[in-house]
Amino acid sequence: MKKTMTFIVLACTAVLASAQKATVASPDNNLKVDVTLEQGQPCYNVTYKQNTVLEKSPLGFKANTGDYANGLKWVGTETSDVKKDYVQDRIKRTQNHYQANLLAVTLENSQGNKFTVTFQVSNNDIAFRYEMKKQGETGSMIVEREATGFNFPSTTTTFLTPQSDAMIGWKRTKPSYEEWYRLEEPIGSRSEYGHGYTFPCLFHVGDCWALVSETGVDGRYCASRLSDADAEGTLTVEYPMPEENNGIGSATPAVALPMATPWRTITVGDNLKPIVETTIPWDVVEPRAEPSRQYQMGKGTWSWILWQDGSINYDDQVKYIDLANAMGYEFVLIDNWWDQYIGREKMERLIKYAASKNVGVQLWYSSSGYWNDIEQSPLNKMCDPFARKEEMKWMKSLGVKGIKVDFFGGDKQETMRLYEDILCDANEYGLTVIFHGTTIPRGWERMYPNYVGSEAVLASENLIFEQRFCDAEAWCAALHPFVRNAIGCMEYGGTFLNKRLNRNNDGGTTRMTTDVFELATAVLFQNPIQNFALAPNNLTDAPQTALDFMKTVPTTWDDICFIDGYPGKYVVLARKSGDKWYIAGVNAEKAAKQLTLSLPMAQKGGTADYYYDGKDNLPQRSQLKIKAPAKMKVTMQPNGGFVMIL
């Protein structure tokens, strides 16, 4: 990293505008951030191609050691360029190149304490955070609240999901990032519960789009969200509610000095491509640990999603192990109550049977028993460090491959430490980790070698519970690539081939989507281990075309390319695995969608396997001859979709 001091002008990077203002621009000079100090208050604004994305927005924080948002003095700035090449599996791209320009503004409060606001600006992404060195003999600090805000123009519309009340819902397990999104509302609209909005937050700002989130959160800080807009229209960073986690733990983070807060991120573009393709959650973080073994990703079967609690018995799990073997899948996920309904002695036999079929076992656990009213067992294993290690030692001795930990208590620092403790111990024993009933990931795919994914979405289980979720399945699927799945892995657990969502494919809720729609979501939804919602009966009652696709679809990807779409209406997305591109689309609108696609990865004269909805919406497969890659025509039926493999 090459550093230059304030008074040296760098072309297309940060330049000093005045003693109280500095500007940093992206390498292509399209995205710019101005940082100013006005009457002792720091603020920033953002433009993209001269379009205002953020008007004057506040910076700073207040702590038990002083006020770092008001009465400040400008000390100076430093600038540099940042370049990083890294390889990362389990995210959108394997080979990643990050290039940004850095501006660090140092400020001083009335007590003489200094801190720095650091901005890194790449061509479509902004990441910023606060950094502070040790102040005299003071070695720790409580950050009471942040002034950090996002002041969007008044004409902005939003695509947001609200933060729920704490300690409500089933067994008092909320907040769990499972509320409905509300689309295209005015920027000043009040959230449903009055607690603001969970990250990520998508905004349509005139001719631009902006996605706001955070990354780099671990046990040294709490997770955050955005508030409702204040009288000036500004949304600010909010810490967890005191009631979260059953009131256990502080709602404000305690930090050791020197310290750096998590990165707050803003992805900006004049179209949706930068939003969908962003890698900023991983660009600015570093691994926290080395892997204890080479972790395998892949596909799994999961009895609970269709057969529910009654399937957690030895014989039914054998059927799902056999299904995984027949499909060539690497895993089976055995859900809640296994310790009681199957028992540990028979579980050992079951795990050996799975190994004989080349199927690895993942086991479900509750995160705790004392910050909600959950009864599902195993309980009180993951929250107790001694019990947790004993349990993981037992799993390692049997060859268990991973765990799924459910029902967390919120976003407090106390809970962030629990996530990290589970990941740390699980890595020691060679176990992958999926989180359910949980917060969003915040750079964790890069930070933790055994992290797989998090739910944090209205996922597939809701389709079983109520018909209204089935009715809205296409709407949700056409939204997630732009918001929730844009910032991290999403453990959705979908791709149903049952038409009726019950054990016998003859009752319960009715799936409204086509089979090809379901195949498309296997590509659209990114999670490196996909526990699909297939059932043993699908081996005989599902179309062979669909089964063949589900046997070979990858779950890890080398590249991504957004093709077309609009949040909540439709989406077409391409992902690359090896030398193959998978282009998938779904349609949530009421009428058939005819599109002419430009596919830069296609070659004239080449061929493509094309999966589409045929007569009576039965899945069809054909070979397409590519005549004009920039003019590929497709039709998506309502609640339907397509997949093309190049």
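**Entry 1: Phe408**

I began with phenylalanine 408 and listed its contacts, a contact being heavy atoms within 4.5 Å. Leaving aside neighbours within four places in sequence, phenylalanine 408 touches Thr173, Ser367, Trp371, Thr415, Leu418, Tyr419, Ile422, Phe435, His436, Gly437 and Thr438. I then looked up where phenylalanine 408 sits: in the loop between strand 27 (402-406) and helix 8 (413-428). Helices (H or I, at least four residues) and strands (E, at least two) are DSSP runs, numbered from the N terminus. Phenylalanine 408 is buried, with a relative accessible area of 1%. For that label, buried means under 20% relative accessible area, exposed over 50%, and partly exposed in between, with a 1.4 Å probe and protein chains only.

**Entry 2: ground rules**

A note to myself: this is a predicted model, where local features need pLDDT of at least 70 and side-chain atom pairs count only at pLDDT 80 or more, while totals for chains, interfaces and linings use all residues. Residues are numbered from 1 along each chain as its sequence is written, and side-chain values use heavy atoms, with hydrogens and water left out.

**Entry 3: the whole chain**

I counted secondary structure next and found 15 helices and 38 strands in the protein chain. The radius of gyration is 25 Å, close to the 26 Å from the globule rule for 646 residues, so the chain is as compact as a globular protein of that length. That radius is taken over C-alpha atoms, and the rule is 2.2 Å times the number of residues to the power 0.38. Along the principal axes, the C-alpha atoms fill a box of roughly 75 × 60 × 45 Å. Buried residues make up 63% of the 646. Of the contacts between residues at least 6 apart in sequence, 71% join residues at least 24 apart.

**Entry 4: salt bridges**

My search of the whole structure turned up 32 salt bridges, each a side-chain nitrogen of Lys or Arg within 4 Å of a carboxyl oxygen of Asp or Glu. One of them pairs arginine 93 with glutamate 277, the closest N and O atoms being 3.0 Å apart. Arginine 93 is in the loop between strand 9 (73-87) and strand 10 (95-108), and glutamate 277 is in helix 1 (residues 273-277), so I have a link between distant parts of the chain, 184 residues apart. Glutamate 277 is buried at 11% relative accessible area. I also noted a network of salt bridges that links Arg93, Lys273, Glu277 and Asp559.

Aspartate 228 and arginine 190 meet in another salt bridge, at 3.6 Å from N to O. Aspartate 228 lies in the loop between strand 19 (225-226) and strand 20 (234-238), and arginine 190 in the loop between strand 16 (182-186) and strand 17 (201-205), so the pair ties together parts 38 residues apart in sequence. Aspartate 228 is buried at 13%, whereas arginine 190 is exposed at 59%.

I looked at glutamate 466 and arginine 468 too, whose closest N and O atoms are 2.7 Å apart in a salt bridge. Glutamate 466 is partly exposed at 36%, and arginine 468 is partly exposed at 42%.

**Entry 5: Thr47**

Last stop was threonine 47, in strand 5 (residues 41-48). Threonine 47 counts as buried at 19% relative accessibility. Beyond its neighbours within four places in sequence, threonine 47 is in contact with Asn30, Leu31, Lys32, Thr52 and Val53.
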